[in-house]
Amino acid sequence: MLYRVKGKLVNYSPPTQGLTRSPSLEVCQLVKRVMADCASGIKHVTLELGGKSPLLIFADADMENAVKGAMMANFLTQGEVCCNGTRVFVERSIKDEFVKKLVAKTKTLKIGDPVNDDTMMGALINKAHMDKVLNYIEGAKKQGATVLCGGERFTPEDPALSGGCFMTPCILDNVQDDMTVAKEEIFGPVLSLMTFDTEEEAITRANASEFGLASGLFTNDLKRAHRLAAQLEAGYVWINNFNLNPVGLPFGGFKHSGIGRENAADSINHFSQLKSVYVEMGDVDCPY
């Protein structure tokens with residue numbers, strides 16, 4: 001309850017004008033109470049609450065870039081990124097080729113000390129979290145998903161890293177929308193593959209989540225890209241890339257992924273208030 005205590009301390013402190021938090025999903029229900037506390041003191045609140053972001057791969061996409069994008073969307077920082085595109089929807093006609101290239105490239109990722117230039121993936125934050133991620137994978141297998149690669153504890157060759165919380169990047173296939181791994185934020189290197197046939201199906205399933213932090217799509221059809229970007233229920237949409245966050249672009253989510261924005265002028269607006277000042281240097285024009 002330390003989070004709660006700190007929350008109330010901040011919320012009710014008279015000098016405090018606002019509160020911003022980026023908690024894990026475990027405390028999201030608690031955060032709703034923090035929002036209520038802020039409301040009682042009429043204080044601004046901005047929240048970034050994680051997500052379960054979709055990534056749509058269309059048949060006309062550049063295959064190599066789409067594979068790179070899917071890896072950027074899932075394995076960056078060991079998958080411990082709130083906006084990761086962990087639900088990867090691939091158009092059926094290119095599914096086999098895409099998966100073949102994705103698995104082959106994923107298996108080449110070097111796991112080890114992130115200080116080394118050739119390391120592609122480091123350790124997860126602690127053992128408790130690593131065990132949680134591995135349990136998600138086991139649960140997915142029990143629900144019918146297929147592990148195409150990874151999803152196991154890993155010990156680097158360097159003896160100094162033997163106690164680290166390393167695991168191999170995991171790709172799950174045959175994932176269904178109602179599976180736990182397709183609905184909950186895992187916050188680890190776990191990519192879930194799904195297949196779609198039409199644009200309408202893809203957008204419907206992509207939006208079928210209580211979260212809406214980010215989304216992405218790969219296509220060479222710019223009209224389609226903008227059409228779908230408008231329909232995706234997410235605060236951030238990448239087209240033909242993923243997980244690039246220029247500081248000039250506001251970042252934040254829809255639905256249960258939060259409220260408010262970080263970065264750019266929008267962030268400054270959340271931490272400031274507008275004041276209007278009218279100055280008159282002449283005579284007062286008054287009918288009285």
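The model under discussion is a predicted one. Cys 149, by contrast, is buried, because its relative accessibility is 6%; the cut-off for buried is under 20%.

The bonding question can now be taken up. A disulfide is a covalent bond that joins the sulfur atoms of two cysteines. How many disulfides does a search of the whole structure find? The search returns zero. For Cys 149, the reason lies in distance: the closest cysteine sulfur belongs to Cys 170 and is 6.7 Å away, which is too far for a bond. The criterion applied to a pair of cysteine sulfur atoms is a separation within 2.5 Å.

Burial also applies to Glu 48, which counts as buried because its relative accessibility is 6%. Glu 48 lies in strand β2, which spans residues 44-48. An unreviewed UniProt entry annotates Glu 48 as "active site", and such annotations may be inferred rather than shown by experiment. In the model, the side chain of Glu 48 reaches the backbone nitrogen of Gly 50 at a distance of 2.8 Å.

Met 281 provides a contrasting case: with 78% relative accessibility, this residue counts as exposed. Met 281 is located in the segment that follows α9 (264-270). Together with Val 277 and Val 279, Met 281 makes a nonpolar surface patch of about 390 Å².

Key:
Residues are numbered from 1 along each chain as its sequence is written. This is a predicted model: local features need pLDDT of at least 70, side-chain atom pairs count only at pLDDT 80 or more; totals for chains, interfaces and linings use all residues. Side-chain values use heavy atoms; hydrogens and water are left out. Patches are made of residues with over 30% relative accessible area and no salt bridge: like charges are joined within 9 Å, nonpolar side chains (Val, Leu, Ile, Met, Phe, Trp, Tyr) within 5 Å. Accessible areas come from the Shrake-Rupley method with a 1.4 Å probe; for residues, only the protein chains shown count as cover. A salt bridge is a side-chain nitrogen of Lys or Arg within 4 Å of a carboxyl oxygen of Asp or Glu. Helices (H or I, at least four residues) and strands (E, at least two) are DSSP runs, numbered from the N terminus. Buried means under 20% relative accessible area, exposed over 50%, partly exposed in between (1.4 Å probe, protein chains only). A polar contact is a pair of N or O atoms within 3.5 Å; within protein, one must be able to donate a hydrogen and the other to accept it, and residues adjacent in sequence count only if both atoms are side-chain atoms.
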